[in-house]
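This briefing sets out selected features of one structure, grouped by topic. Please read it alongside the sequence and coordinates shown here.

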Amino acid sequence: MHNDKYFSKLQRVQELVVTTVLGDIPTLILGPKLRNLGYHSIFAQIGSPVYIQDGVEFNGTCCIEIGSGVYIFKGVRMDARGHKNNKIHLGNRVAIERNVDIGCLENTCIHIDEDTFIAPNVCIEGPGDIKIGKRCLIAAHSGIYANNHNFADPMEPIKYQGVTRKGIVIEDDCWLGHGVTVLDGVTIGKGSVIGAGAVVNRDIPPFSVAVGIPARVIKNRVGKDLSITSSGEIGHGAW
């Protein structure tokens with residue numbers, strides 16, 4: 001245990017040195033090429049080529065895997081510190097736009113698969129595991145939060161009652177519109193579209209169109225309209 005802590009401190013010092021020296025080199029002065037070369041010594045895995053602009057903050061790089069053809073723009077923060085089993089994985093050709101925040105807490109895996117695009121000001125946070133599939137589009141100002149505060153005991157401060165960590169799955173080819181919020185324990189099925197501003201607090205079937213607060217399925221992309229029955233259940237109507 002003592003050796004593990006010592007090794008972790010050495011890793012953190014190396015990480016700080018490398019990211020401080022290379023992280024703020026302006027993009028127009030060979031910054032991305034120098035970072036692409038220098039970051040190989042501190043990341044768990046990094047492909048080639050990788051385009052990382054200046055002003056990107058990395059913590060826990062020994063737990064971060066970056067595929068080839070990945071783009072990471074200014075203001076992004078990626079934090080995998082907190083547990084040796086944490087992992088942030090960006091698949092090949094993932095693009096992370098400006099001011100995106102991706103963070104683990106404890107024993108967390110955040111996996112973003114290939115060809116997925118994350119727009120500016122998106123927040124993706126554990127501690128529950130998060131898996132975002134291939135070719136997904138996550139629009140600006142969306143939030144994906146794999147945790148929820150417990151609050152059952154009114155006599156105990158909510159801060160001390162702990163959190164859930166059921167995890168979130170967003171399957172391949174999903175599009176989340178502007179300002180969508182996805183809450184802990186949700187699976188969004190393959191090929192689904194979530195309308196702007198929706199709050200997803202329950203599972204969404206594959207190839208659905210869902211809107212509202214909370215998100216409600218209004219259409220199936222394979223050609224059937226959806227209506228709400230008198231019992232409150234979702235029924236299939238003629239499209």
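Strand 24 (residues 208-211) and strand 25 (residues 216-220) pair in the antiparallel sense over 4 bridges. Strands (E, at least two residues) and helices (H or I, at least four) are DSSP runs numbered from the N terminus, and two strands pair if DSSP finds at least two bridges between them. The model is predicted: local features need pLDDT of at least 70, side-chain atom pairs count only at pLDDT 80 or more, and totals for chains, interfaces and linings use all residues. Residues are numbered from 1 along each chain as its sequence is written, and side-chain values use heavy atoms, with hydrogens and water left out.

**Hairpin**
- Strand 24 and strand 25 form a hairpin with 4 residues between them.
- G212, in the turn, has a positive phi of about 100°.
- S208 has N220 of strand 25 as its bridge partner.

- An open sheet of 7 strands, with parallel pairing, has the order 1-4-7-10-13-18-21.
- Its edge strands, strand 1 (45-46) and strand 21 (187-188), each pair on one side only.
- Strand 18 and strand 21 run parallel and are joined by 2 bridges; I170 stands opposite I188 in strand 21.

- Contacts of I188 (heavy atoms within 4.5 Å) include V169, I170, C174 and I204, not counting residues up to four places away in sequence.

**Residue D172**
- D172 lies in the loop between strand 18 (168-170) and strand 19 (175-176).
- D172 counts as partly exposed because its relative accessibility is 23%; buried means under 20% relative accessible area, exposed over 50%, and partly exposed in between (1.4 Å probe, protein chains only).
- The D172 side chain reaches the backbone nitrogen of K134 at 2.8 Å.
- D172 and K131 are 41 residues apart in sequence, with their C-alpha atoms 9.9 Å apart in space.

**Cysteines**
- The whole structure contains 0 disulfides, a disulfide being a pair of cysteine sulfur atoms within 2.5 Å.
- C174 is in no disulfide, and the nearest cysteine sulfur, that of C136, is 5.0 Å away.
- The sulfur of C104 is too far for a bond because the closest cysteine sulfur, in C109, is 7.7 Å away.
- C104 is buried, with a relative accessible area of 7%, and C174 is buried at 2%.

Notes: A polar contact is a pair of N or O atoms within 3.5 Å; within protein, one must be able to donate a hydrogen and the other to accept it, and residues adjacent in sequence count only if both atoms are side-chain atoms.
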